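Please read the following note with the structure open beside you. The points are brief and can be checked one by one.

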Amino acid sequence: MAKPAKPAVRKAARPARISPAEQARIAELFARFEAQESDPSTELDYGGPFTLVVAVALSAQATDVSVNKATVKLFKVADTPAAMLALGEAGLKPFISSIGLYNMKARNVIALSRIILEQHGGEVPLEREKLQALPGVGRKTASVVLNELRIEPAIAVDTHVFRVSHRLGLSTGKTPDQVEAELMGKVPEPYLTRAHHWLILHGRYVCVARRPKCEECPVADLCPSRHLFVAR
Ligand code: SF4
């Protein structure tokens, strides 16, 4: 008998032994992020599900700024699967040649455009399994897309989310999947959809890798790592 399919949504069980004090600390952390920016969103420029999928796929191992520089011109020419397919791999490459891994990304974008057109009537399938099945769209990309479009709460773990989660004592996970599972279990429900953005923005602008700006950090008094970076 075939194995039952895995559930599409990764929903970690709420940790059983999280103390009330720790729950309060985590709730306060996210309340502070919310007070700073109540409706955070991706810094990638997009106009709808298709351009969002393309932008997120292009952003793997590249900065949002570099992707936006490329897509501002690309999406004027091709912002639908049909137009992207008409552009073709050779036509697409010059638009994205400043982005790392652009050969592979061009191949994937054309392939996913073809599948969206031929198998999904030209509309991006906004269900995790179908989305993840598109070329170049892994779990992380699907999570970013579904979360950004407010379809499914998800916390895609990139280098910023990974670092910040450890520094803030939200996770001890050794892999992005482990960190994601811990975050999904610890972040209070009302903040789940926005947590991904807050953690990325915090890591990008405040809790930066080499010299975190603890002096201007809005959650410094709640951070167990602050003493590592600030002289007593
Ligand atoms: S206090 Fe420092 S280490 Fe802690 S989250 Fe803020 S910037 Fe990062």
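Which residues does Cys207 touch, not counting residues up to four places away in sequence?

1. The model is predicted: local features need pLDDT of at least 70, side-chain atom pairs count only at pLDDT 80 or more, and totals for chains, interfaces and linings use all residues. Residues are numbered from 1 along each chain as its sequence is written.

2. Leaving out residues up to four places away in sequence, Cys207 touches Val164, Arg167, His202, Pro212 and Cys217. Two residues are in contact if their C-beta atoms, placed from the backbone, lie within 7 Å.

3. Cys207 sits in the loop between helix H10 (192–205) and helix H11 (226–229). Helices are DSSP runs (H or I, at least four residues), numbered from the N terminus. Cys207 counts as buried because 23 other C-beta atoms lie within 10 Å; the cut-off for buried is 20 or more other C-beta atoms within 10 Å of the residue's own, with C-beta atoms placed from the backbone.

4. Gly185 is 22 residues from Cys207 in sequence, and the two are 22 Å apart in space, C-alpha to C-alpha.

5. Helix H2 (residues 49–58) is mostly covered, with 9 of its 10 residues buried. Among them are Phe50, Leu52 and Val56. The buried residues of H2 pack against helix H3 (64–77), helix H4 (81–96), helix H5 (102–119) and helix H7 (139–148).

6. The domain assignment gives domain 1 (49–148) and domain 2 (153–226), with bounds taken from an automatic or database assignment. Their C-alpha centres lie 27 Å apart. The contact takes 5 residues from domain 1 and 5 residues from domain 2.

Key: Helices (H or I, at least four residues) and strands (E, at least two) are DSSP runs, numbered from the N terminus. A residue is buried if 20 or more other C-beta atoms lie within 10 Å of its own, exposed if 12 or fewer, and partly exposed in between; C-beta atoms are placed from the backbone.
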